[in-house]
Amino acid sequence: MSPFIGSTAATERWRHLRVTRQDGVATVTLDRPEKLNALTFGAYADLRDLLAELSRERSVRALVLGGEGRGFCSGGDVDEIIGATLAMDTAQLLDFNRMTGQVVRAVREAPFPVIAAVHGVAAGAGAVLALAADFRIADPTARFAFLFTRVGLSGGDMGAAYLLPRVVGLGHATRLLMLGEPVRASEAERIGLLSEVTEEGKAGVRAAELAAHLAAGPALAYAQTKALLTAELDMPLAASVELDASTQALLMNGRDYAEFHAAFTAKRPPDWEGR
């Protein structure tokens, strides 16, 4: 995403999310524990706009997304979203569904790694938010459920039919999206949905450790790796190899590549600039 912005100032306070920053790591917490962090229209919009702002600022090198209380995210709020959408016309419904997809695109296109720290329920839109992340760290209480067919909608919501087969394979994705049955942490790890399972209550701690590690690393190399992983999902091999070559040629002109050689020669750790 381009770092150039217009005249709008950066947002100082997010009404529907809890956001903290420290040492290049942004921690974004869904903070409606009494509703199992069910998403509202405002929460979707804040996530979309926050990710866009952080992507332009280039000061964040990693982001942790978690949930307060007993679970990660139970999906869209039944009253505030499902109830409200029943009164919308087709144009309004299309605007809403496009917005939810924009959140997923913002996660995938952000020039920094996104780590989902999952405990308890990750259902519906909550499951897709975790799916869109680059890393999914969960404790044994985590359970994923892609519930869209259970409310009479397509299982392919918010890009789930695109992302999930690429993470767990078409067979598992078909089962999860068609049936909407819960998948507990042990099975999620077995089928490749999880990056790591921690001890109970430690997902947030481990996610923060991983974010700190990534934030201290070569940010531009990570950003380009993420971009290539997303872009090359639908490319033939020849186009992918050419894109890899062009990317490496650009990075080889960067400061970090020269810094690695200097650090290696001097037998010291690299001082990564992300340039």
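Modeller: Contact here means heavy atoms within 4.5 Å. The model we are discussing is predicted.

Colleague: Which residues does Glu 57 touch, not counting those up to four places away in sequence?
Modeller: Glu 57 has its place in helix α1. Its relative accessible area is 33%, so Glu 57 counts as partly exposed. With residues up to four places away in sequence set aside, Glu 57 touches Ala 10 and Arg 21.

Colleague: What separates the C-alpha atoms of Glu 57 and Ala 10?
Modeller: Ala 10 is one of the residues that Glu 57 touches. The two are 47 residues apart along the chain, and the separation of their C-alpha atoms is 9.1 Å.

Colleague: How many salt bridges does a search of the whole structure find?
Modeller: Side chains of opposite charge can pair when their charged atoms come close. The cut-off is a side-chain nitrogen of Lys or Arg within 4 Å of a carboxyl oxygen of Asp or Glu. Over the whole structure, the number of salt bridges found is 17.

Colleague: How far apart in sequence are the parts that Lys 35 and Asp 77 tie together?
Modeller: Lys 35 and Asp 77 form a salt bridge, with their closest N and O atoms 3.7 Å apart. Lys 35 sits in the loop between β2 (25-30) and α1 (41-57), and Asp 77 in the loop between β3 (62-67) and α2 (78-85), so the parts they tie together are apart in sequence by 42 residues.

Colleague: Of Lys 35 and Asp 77, which is buried?
Modeller: Lys 35 has a relative accessible area of 36%, so this residue is partly exposed. Buried means under 20%. At 4%, the buried residue is Asp 77.

Colleague: Which residues are linked with Lys 35 in a network of salt bridges?
Modeller: The Lys 35 salt bridge to Asp 77 is part of this network. Besides Lys 35, the linked residues are Arg 32, Asp 77 and Glu 80.

Colleague: In which helix does the salt-bridge partner of Arg 175 lie?
Modeller: Arg 175 and Glu 187 meet through their side chains in a salt bridge of 2.9 Å, N to O. This pair links distant parts of the chain, twelve residues apart: Arg 175 is in helix α6 (residues 170-179) and Glu 187 in helix α7.

Colleague: Which elements do the buried residues of α6 pack against?
Modeller: The buried residues in α6 include Ala 173, Leu 176 and Leu 177. They span an arc of only 90° around the axis, which puts them on the same side of α6. Gly 171 and Met 178, on the other side, are exposed. The buried residues pack against α5 (160-168) and β8 (183-184).

Colleague: Are the planes of the Tyr 44 and Phe 96 rings stacked or edge-to-face?
Modeller: The whole structure holds three aromatic pairs. In the pair of Tyr 44 and Phe 96, the ring centres are 5.8 Å apart and the planes stand at 80°. Planes over 60 degrees apart have their own class. The angle is above that cut-off, so the pair is edge-to-face.

Colleague: How many of the residues of β3 are buried?
Modeller: In a regular strand the side chains alternate between the two faces of the sheet. Both faces of β3 are covered, with Ala 62, Val 64 and Gly 66 buried on one side and Leu 63, Leu 65 and Gly 67 buried on the other. The strand is therefore largely enclosed by the rest of the structure, the buried count being six of the six.

Colleague: Which residue of β3 is the bridge partner of Thr 29?
Modeller: Strands β2 and β3 pair in the parallel sense, over six bridges. In β3, the bridge partner of Thr 29 is Gly 66.

Colleague: Which residues is Thr 247 in contact with, leaving aside neighbours within four places in sequence?
Modeller: Thr 247 has its place in helix α10 (residues 237-251). Its relative accessible area is 7%, so Thr 247 is buried. Apart from neighbours within four places in sequence, its contacts are Gln 224 and Leu 228.

Definitions and conventions: Residues are numbered from 1 along each chain as its sequence is written. This is a predicted model: local features need pLDDT of at least 70, side-chain atom pairs count only at pLDDT 80 or more; totals for chains, interfaces and linings use all residues. Side-chain values use heavy atoms; hydrogens and water are left out. Helices (H or I, at least four residues) and strands (E, at least two) are DSSP runs, numbered from the N terminus. Buried means under 20% relative accessible area, exposed over 50%, partly exposed in between (1.4 Å probe, protein chains only). The arc is that of the directions from the helix axis to the C-beta atoms. Rings of Phe, Tyr and Trp (its six-membered ring) pair if their centres lie within 6.5 Å; planes under 30 degrees apart count as stacked, over 60 as edge-to-face and the rest as tilted. Two strands pair if DSSP finds at least two bridges between them.
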